[in-house]
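Please look over the sequence and structure before reading on.

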Amino acid sequence: MKQKDALKILKAGKNVYLTGAAGSGKTHVLNEYISYLKNRGARAAVTASTGIAATHIGGVTIHSWSGAGIKDDLNDEDIERLIQKEYLYKKFEKTKVLIIDEVSMLSSRLFDSVERVCRAMKRSEEPFGGMQVVLSGDFFQLPPITKEGGNADFIHSSEAWNKMDVRICYLSEQFRQKDSSLEKILNEMRQGGISPASKNKLAEICENNSASLKSVSPTRLYTHNIDVDAENERELEKLEGKAHVYEMSAGGKASMVESLKKGILAPETLRLKKGAVVMFVKNSFDEGYANGTLGKVKDFDNEGMPIVRTFSGDMIRVTLAKWTVEEDEKVLARVEQLPLRLAWAITVHKSQGMSLDAAEIDLSKAFVPGQGYVALSRLRDFAGLSLRGFNDMALMMHPRAMEVDARLLAESAKWEKVLERFSDKEMNEMHINFLKKIGGMIDEKEIARNTAKKKDKKEAFKEKISTCEKTLALVSEKMPLAEIAKKRGMTPGTIISHLEKLKMKNPALDLSAYKPKERDFKIISEVFKKVKETKLAPVYEILGGKYSYEDLRLARLFL
C-alpha cells in the first residue's frame, strides 16, 4: 500500500495497524497524520512502546500516558485507582485519537491493560472507549521483552486487537535503503531464508572490516548491555582528567526499589568526564531534553553538575531527576540520579527506529530473532557498515512474525481494493464526518488560520525569552515560590532549577526571598559542610528526610 492510501484510511477515522519493512516510511505517515489532526484542532495522544521511540514522533511512552507505569498487568484495583486521578481522567476525556508507535515491542498483556483503562476512563464499553487507535510497527523487528525466557507475546494475539476492527496498511515503498544489495538481504530475511550468496556477502564485509569508515565516527551497536557498558567505559578511560562519579540514591520498599531501578535507564553508578558522549534517559521538556536526546559533556559547574551540549546545539545544566512508584498519592519507592548514561555505544534494542549513515555492528552474540534485521536495516547502504561478526541467530526472524506476515499482506491488499470503490468526493465526506465527530475544524479558512497561527507561534518561540527569564521576571517581584510555580504551570522543583541556572549566570542575583528560615538554613548548611560536597543525597540521608530535596536545593543556593 502507498503512503497516500494509508493516510486516506487514517483520515476516515478507522482503527489502523500501519506496518511495512524498515525504511518504508511508517514514521513519516504518522507525522503527516499527527500534523493533519493538530492543524484542525483535534486532540491526539502520541505515544510509543519505548522512550527513545517516543522521541522520534514527539510523544511519550504508552506506559506513562496510560498511567500503567512499570506494570504490564493491571487488575481491577489498579484501574480503579487510576480513575481516581483527576489529571489522568481529564487527559483521557480530551483525547480522541490514540497513536502508539513501535508496537512490536509491546506485550499483549499491556495492550489489553491499556484498552481496559481507556474504556474505564471514557465510561464506554466500546473498544478503547471509542477512540480511534492508530498502531505502527513491524513484527519482524524486536519482540516484547519476556520474563524468564518466555515466548514472545505480540499484540496481535491480544483480546484488544481482536475486537478493535483494525485496518491493515502494509506500506510497500522503500525510502531508507539506497543499496539494492542491502535491501535484497533484508527482504530475504523477512521471507525466512537468507541465500548462501547473501551470507557470503556479510562474511566478506566482516573480513574487509571498516575500510570505508575511516573518515566518519560510526555509531556502535551491540546486542548485550554488558558489551555496551564495556565499550563506553573504554572510551571514557581514553579521556583525560578525573572522572566525576554520581551514585544513585533510593528509598522505599526494597522490592519496589529494585523493580524501579530495572525499569529506568539511568545507571546506579554514573562516571563522567569532559568530552563524554551521553544520552538523556528521561523526559524533561522544561529543561530542554527528552528520553533519547544525545549530547556531549562540555564542562562541570562549581557544584559538580555536568553541562551538556546536545547534538542540536543546546546547552543544558543537568540536575538530579527523580523516578517514583506511587499509590494513593503516597510514594512507595523512589530513586534519584542524573538522567544520563554514556552513549558511545548503544544496544540494538535502543537503535530501533533510528536511521544511521554509518554503524559498527557486532552481531556475534545475537540472542533474539530480529536483532540482526533491526541492526542492518538502520543503514542506508553497505558503504556505511562495519560488521564485527554475526551468528546464525542474527539472520533469523521470529517464527510468529513469519506466520502473521502473510495474513497482514493479504489484509492490506483487501483494504486497498475496498479503497478503490470510493470516489475522492466520498472519501472527503468520510474525512469531514470524522473531524466533526472528534471536534476538529472543517472550514478550510479556519484551518488555514489555525495552521498559520501555529507557524507564527513556532517562529515566535524561537525568538522569545527563555523560560528562566520568565521566571526571573516573577522573582524580581519577590513572588513566593509556590505562586511562581502555579503561575508558570510548573512544579516547584522546576522553578528551583530555574533559580539555580539564574544564580549560576548571575551570582549577584538577589534570591533572599527564597532562603529557608534561618534556623533551618543553619542546620542544613552545617551538614553540607560536614559532608564536604554539594550532593543532596548524603545530606538528605544524614538529616533523616526531615527536609525535602527542594528545601536542600534552596539552602544550597546560599552556601
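Which residues in the largest nonpolar core touch the most other members?

## Basis

This is a predicted model, in which local features need pLDDT of at least 70 and side-chain atom pairs count only at pLDDT 80 or more, while totals for chains, interfaces and linings use all residues. Residues are numbered from 1 along each chain as its sequence is written, and side-chain values use heavy atoms, without hydrogens and water.

## Nonpolar cores

Tyr17, Leu98, Phe111, Phe128, Leu135 and Ile361 touch the most other members of the largest nonpolar core, which has 68 residues. Helix α7 supplies the largest share of this core, 7 residues. Apart from it lies another core, of 29 residues, including Ile9, Val16, Leu37 and Ile99. A nonpolar core is a set of buried (under 20% relative accessible area, 1.4 Å probe, protein chains only) Ala, Val, Leu, Ile, Met, Phe, Trp, Tyr and Cys residues joined through side-chain atoms within 4.5 Å.

Beyond four places in sequence, Phe111 is in contact (heavy atoms within 4.5 Å) with residues including Ile100, Leu106, Phe128, Leu135 and Trp161.

## Helices α6 and α7

Helices are DSSP runs (H or I, at least four residues), numbered from the N terminus. Helix α6 (residues 86-94) packs against helix α7 (residues 108-122) at about 90°, with axes 9 Å apart. The axes are lines fitted to C-alpha atoms over the stretch in contact, and angles run from 0 to 180 degrees between N-to-C directions. The pair is therefore roughly perpendicular (65 to 115 degrees).

Leu88, Tyr89, Phe92 and Glu93 of α6 meet Val117, Cys118, Met121 and Lys122 of α7.

## Confidence

Mean pLDDT (the predictor's confidence in each residue, from 0 to 100) is 84 for the chain, and 90% of its residues reach 70 or more. Over residues 461-465 pLDDT stays under 50, and the model has 2 contacts beyond four places in sequence for them.

Notes. Helix = DSSP H or I, 4+ residues; strand = E, 2+ residues; numbered from the N terminus. Parallel < 35°, antiparallel > 145°, perpendicular 65-115°, else oblique. Buried < 20%, exposed > 50% of the residue type's maximum accessible area, 1.4 Å probe, protein only.
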